[in-house]
Amino acid sequence: MSYLNNNTGYRKTLLDTRSVYKKDNFVILEPDGLVKNAIPGYENCDTTILGSPEMGAKFADYISTVHPGGKNNKIGGDGIEAFLYVISGELTVKNADEEATLKEGGYIYTPADKPFCFENKSDKDAFVYIYRKRYAAIDGLSAHTVVGNINDVEWMDYEGMTNCQSKDFLPSAKDLGFDMNMHILKFNPGACHGYIETHIQEHGMYFLQGKGMYRLDDEWIPLQKGDYVFMDSYVPQACYGVGTEDFIYIYSKDCNRDVEL
């Protein structure tokens, strides 16, 4: 086991952390203290498990530095849908439907019956976010492979606010075959949610840029680039951007399904 930040030895300060663990409520993971997990299938990759059922999530998500020649020959399948987003670098991905080279901003979603593989064929590291979830099937409906680049998607004003904007990765708003979506949300400095939201959907959120204050349950907590948050169902949540640059994060959201009784 080694640490994500690659630091060794003693710190020059007292041991402290911004990480918070409240199972079935919310979890905050800051980069310091995160470890690299040994996971079968990830070859020449430094991979860290973020969200998981152990913290109350119905999904698993990861960040991974894929070194040159690094690969994984099977992600998803056997009832598990999967998603990969390239934060930096370049990867080649392939499933039964498509093969593509994904550069920064590129992504692939594959349905539960079509696992995908990836390989870094470049001479530089690639840094990626990965998501897996058991698909909630409905008779007569199905999801399909989606490959694209989020940089080609136009920003949409979020709930009528021009200083808060979003992008959707998947066509879930129009296609009930999808039981989840991925979004990017951007807050200009000072921009915020219009409400403190409460909803049944849970989130896994990885922060890509900037700083913000986030309301989770009954606390306002500072967050920044590199942090991860899991938010369980019905946790009150909202945020606003602070500092001099936009506050941006990618997050998952389950959708398009009724409550199971």
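How many aromatic pairs does the count come to by the ring-centre rule? The count comes to 18 aromatic pairs, where rings of Phe, Tyr and Trp (its six-membered ring) pair if their centres lie within 6.5 Å. This is a predicted model, in which local features need pLDDT of at least 70 and side-chain atom pairs count only at pLDDT 80 or more, while totals for chains, interfaces and linings use all residues. Residues are numbered from 1 along each chain as its sequence is written, and side-chain values use heavy atoms, with hydrogens and water left out.

**Aromatic rings**

- Phe207 and Tyr249 form a tilted pair, with 4.8 Å centre to centre and 45 degrees between the planes; planes under 30 degrees apart count as stacked, over 60 as edge-to-face and the rest as tilted.
- Phe207 lies in strand β17 and Tyr249 in strand β22, so this pair ties together parts 42 residues apart in sequence; strands (E, at least two residues) are DSSP runs numbered from the N terminus.
- Phe207 is buried at 0% relative accessibility, and Tyr249 is buried at 1% (buried means under 20% relative accessible area, exposed over 50%, partly exposed in between, with a 1.4 Å probe and protein chains only).
- Ring pairs link Phe207 and Tyr249 with Phe187, Tyr214, Phe247 and Tyr251 into a cluster.

**Charges over a ring**

- Lys167 lies over the face of Trp155, at 4.6 Å from the ring centre; the rule asks for NZ of Lys or CZ of Arg within 6 Å of the ring centre and within 35 degrees of the ring normal.
- The charged end of Lys186 also sits over the ring of Trp155, 4.2 Å from its centre.

**Salt bridges**

- The whole structure holds eleven salt bridges, each a side-chain nitrogen of Lys or Arg within 4 Å of a carboxyl oxygen of Asp or Glu.
- Glu202 and Lys58 meet at 4.0 Å, N to O.
- That pair links the loop between β16 and β17, which holds Glu202, to the loop between β5 and β6 (59-75), which holds Lys58, 144 residues apart.
- Glu202 is buried at 4% relative accessible area, whereas Lys58 is exposed at 59%.
- Salt bridges that share partners join Arg11, Asp16 and Asp32 into one network.
- Within it, the side chains of Arg11 and Asp16 meet at 3.9 Å, N to O; Arg11 is partly exposed at 42% and Asp16 is exposed at 56%.
- Asp46 bridges to Lys36, with the closest N and O atoms 3.6 Å apart.
- Asp46 belongs to strand β5 (residues 43-49) and Lys36 to strand β4 (residues 35-36), ten residues apart.

**Pockets**

- The largest pocket has a volume of about 550 Å³. On a 1 Å grid over the protein atoms alone, a pocket is an open set of points where a 1.4 Å probe fits, with protein on both sides within 12 Å along at least five of seven lines, and lining residues have an atom within 4 Å of a point. A volume is the space filled by probe spheres set on the points.
- Of its 18 lining residues, the closest to the centre of the largest pocket are Lys58, Asp254, Arg257, Asp258 and Glu260.
- The lining of the largest pocket divides into six nonpolar, three polar and nine charged residues.
- The second largest pocket contains about 400 Å³ of space and is lined by 24 residues, with Tyr158, Asp168, His183, Tyr251 and Lys253 nearest its centre.
- Strand β22 gives the largest share of this second lining, four residues.

How values were computed:
Ala, Val, Leu, Ile, Met, Phe, Trp, Tyr, Cys and Pro count as nonpolar, Asp, Glu, Lys and Arg as charged, and the others, Gly among them, as polar.
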